[in-house]
Amino acid sequence: MMLHAITWDPSLGIELGFITIRYYSLMFLVAFVSGWYIMKYVFNKENIDEKKLDSLFIYTVIATLLGARLGHVIFYQSELIFEDPLSIFLPFQFVPEIRFTGFQGLASHGATIGIAIAMYLYSKKVLHKKITWILDRVILPISFGAIFIRIGNFLNSEIVGEPTQSDYGVIFTQLGETFPRHPAQLYEAVSYLILFIILWFLYNKTKVKNISGFLFGVFFTLLWTIRFFVEFIKEPQVPERADWLLNTGQLLSLPMLIIGLIIIFISYKKKA
């Protein structure tokens with residue numbers, strides 16, 4: 001008898017005729033809207049024209065969705081390139097039949113690369129500041145938004161953890177299972193909340209935001225450290241790679257973690 005296990009059996013979204021608005025999509029909306037308000041606070045605090053905020057929102061939304069989708073396809077589902085290429089960019093599955101799926105299959109590593117490119121373009125074309133200025137600040141809404149993305153994964157019963165082999169955990173009935181798993185999505189969400197609190201404190205209560213690149217380095221290091229360790233209890237997203245020493249997520253996180261440490265070192269060296 002599993003006294004401590006929680007049974008999770010939600011609907012996947014709100015039914016509107018032939019379209020289902022998935023809770024995951026709603027969580028993305030919450031992430032983007034909350035991010036806009038956080039950056040509005042930052043722009044007001046640092047006397048930046050709010051008109052430039054709208055452009056930042058557009059750059060970020062497009063870069064996040066496009067980068068995350070391409071990242072998922074390249075890193076986890078490359079067969080779509082040849083088998084169903086239209087499904088990469090459209091919210092439909094075309095093979096073996098046409099079916100509305102919504103935008104699903106998004107990778108945080110791809111989103112990171114997409115946002116980095118977008119921030120470079122934004123800093124050059126709109127903000128007219130060094131890219132490190134915007135990177136040191138956009139990490140606040142990114143870390144906060146990541147909380148809701150993982151909550152969305154939990155609501156969708158996806159990116160689940162491994163079986164706990166005990167009475168502890170969550171039974172994801174949407175997967176047709178009767179045994180508990182680690183709620184890895186919630187572990188990650190709580191970790192991102194802690195990350196956001198740390199970054200918010202550093203930005204508002206210390207002067208490290210004046211060290212070009214430092215906050216971004218801290219964010220990058222902690223973010224990918226969290227991702228690396230949570231991956232140990234996640235079910236492999238690509239079953240064929242289950243016997244690898246490190247899974248795909250960890251192999252992609254390690255170099256980014258190292259890049260974060262290098263950025264911290266360089267930023268402090270320049271300050272000195």
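**Exercise 1. How many aromatic pairs does the count come to, by the ring-pairing rule?**

Before starting, note that this is a predicted model, in which local features need pLDDT of at least 70 and side-chain atom pairs count only at pLDDT 80 or more, while totals for chains, interfaces and linings use all residues. Residues are numbered from 1 along each chain as its sequence is written, and side-chain values use heavy atoms, with hydrogens and water left out.

*Solution.* Step one is the rule: rings of Phe, Tyr and Trp (its six-membered ring) pair if their centres lie within 6.5 Å, and planes under 30 degrees apart count as stacked, over 60 as edge-to-face and the rest as tilted. Step two is the count, which by this rule comes to 19 aromatic pairs. One of them joins W36 and Y37, whose centres are 5.0 Å apart with 85° between the planes, an edge-to-face arrangement. Step three is to ask about exposure, where buried means under 20% relative accessible area, exposed over 50% and partly exposed in between (1.4 Å probe, protein chains only). W36 is partly exposed, with a relative accessible area of 24%, whereas Y37 at 53% counts as exposed.

**Exercise 2. Describe the pair F144 and F148, and find the cluster to which these rings belong.**

*Solution.* The ring centres of F144 and F148 are 5.3 Å apart and their planes stand at 70°, so this pair is edge-to-face. Both residues lie in helix α6, and because they are 4 residues apart there, about one helical turn separates them. Helices (H or I, at least four residues) and strands (E, at least two) are DSSP runs, numbered from the N terminus. F148 has 18% relative accessibility and therefore counts as buried. Finally, ring pairs link F144 and F148 with Y41, F196 and W200 into a cluster.

**Exercise 3. Which ring does the charged end of K129 sit over, and which ring does that of K209 sit over?**

*Solution.* Begin with the criterion, by which a charge sits over a ring if NZ of Lys or CZ of Arg is within 6 Å of the ring centre and within 35 degrees of the ring normal. The charged end of K129 sits over the ring of W133, 5.2 Å from its centre. For K209 the ring is that of Y203, and the distance to the ring centre is 5.2 Å.

**Exercise 4. Follow the salt bridges of K234 and E231, and name the network that contains them.**

*Solution.* Side chains of opposite charge can pair when their charged atoms come close. The term salt bridge requires a side-chain nitrogen of Lys or Arg within 4 Å of a carboxyl oxygen of Asp or Glu, and a search of the whole structure finds 7 of them. K234 meets E188 in such a bridge, at 3.0 Å from N to O. This pair links distant parts of the chain, since K234 is in the loop between α8 (214–230) and α9 (248–271) while E188 is in helix α7 (residues 184–205), 46 residues away. K234 is buried at 2% relative accessibility, and E188 is buried at 0%. E231 in turn forms a salt bridge with R227, at 2.6 Å from N to O; E231 is buried at 5% and R227 is buried at 4%. The network of salt bridges links R150, E188, R227, E231 and K234.
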